[in-house]
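Here is a friendly briefing to keep beside you as you look through the structure. It starts with one pair of neighbours and then widens out to the whole chain.

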Amino acid sequence: MRYARSAVSRSAIGVYLALAAQIATLTCLVVFEEARGKLLARQVAVLGSNPHAPGADAVVGAVTWFAVLILLVVCATVAAGFSYFAWLRQAGATPRMIAIAWFVPVLNLAAPALLVHALREDAGLREGRRRAWLALIAAWWACWLAMVFLILIRLPVTHSPQGKDLTGLGPSELAVAVLAALLCAATVREVTEARMSSRPSGIAPRLKLLPALRSLPRHTYPAGD
């Protein structure tokens, strides 16, 4: 139906905008870290936890900007997550399948990519496109895992910064995040276009690696309106 097709298209646009906002806010945070963060981290380390220590007033403005940037990054990341899950729902996945793929430990190391692959195959995947699609989704998921790993090992909660930096994030983490976002957008575009122009192929229920994904619903789109 035309409504179903336009809904998945609108959801895809929401993903693109949310990813752009996430990268924009993360870029601002990394620029702040590179330009001011290291000095600010040393100043905060010297002042300790006493807000009334001599020189504390001099860093109030910078600390406020840092807090605002952190909040913006968190909000943009949450918005990107919600928009992506909404797109998955419009593309044919059920809330149960989304929850299993993304939030079950160990399974979520591979299941999200398998879910997207199942949606793409369910929309009809020609043999000539298979190799390019598999390369795309593998590159996206590898970049996503690399980004999560880099961010986790750089965050102050996983190591002692000792006044060297604020977040541990730098150009390398930003570059991986940008690449992951671009590849994610490419997979969203591929699946969206496929589901808007093709009938589901029925391949998704035969996915063997994740039996839970076998109940993935298959939307049917008529050939013409």
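This is a predicted model: local features need pLDDT of at least 70, side-chain atom pairs count only at pLDDT 80 or more; totals for chains, interfaces and linings use all residues.

**Geometry of the pair**

- Helix α3 covers residues 95–103 and helix α4 covers residues 111–122.
- Their axes lie 7 Å apart and form an angle of about 140°.
- The two helices are therefore oblique to each other, as the angle is neither over 145 degrees (roughly antiparallel) nor within 65 to 115 (roughly perpendicular).

**A look at α4**

- From first C-alpha to last, the 12 residues of α4 reach 16 Å, close to the 16 Å expected at 1.5 Å a residue.
- Is α4 enclosed or open? Of its 12 residues, 12 are buried, so α4 is largely enclosed by the rest of the structure.
- The buried residues include Leu114, Val116 and Leu119, and also His117, Arg120, Glu121 and Asp122.
- After α4 comes Gly124, which has a positive phi, near 100°.

**The whole chain**

- The protein chain has six helices and zero strands, giving the pattern α-α-α-α-α-α along the sequence.
- Of the 225 residues in the protein chain, 42% are buried.
- Among contacts with a separation of 6 or more, 74% link residues 24 or more positions apart.
- The accessible surface of the protein chain is about 12,000 Å², and carbon and sulfur atoms account for 69% of that surface.

How values were computed:
Residues are numbered from 1 along each chain as its sequence is written. Side-chain values use heavy atoms; hydrogens and water are left out. Axes are lines fitted to C-alpha atoms, for helices over the stretch in contact, and angles run from 0 to 180 degrees between N-to-C directions. Helices (H or I, at least four residues) and strands (E, at least two) are DSSP runs, numbered from the N terminus. Angles under 35 degrees count as roughly parallel, over 145 as roughly antiparallel, 65 to 115 as roughly perpendicular and the rest as oblique. The expected span of a helix is 1.5 Å times one less than its number of residues. Buried means under 20% relative accessible area, exposed over 50%, partly exposed in between (1.4 Å probe, protein chains only). Contact means heavy atoms within 4.5 Å. Accessible areas come from the Shrake-Rupley method with a 1.4 Å probe; for residues, only the protein chains shown count as cover.
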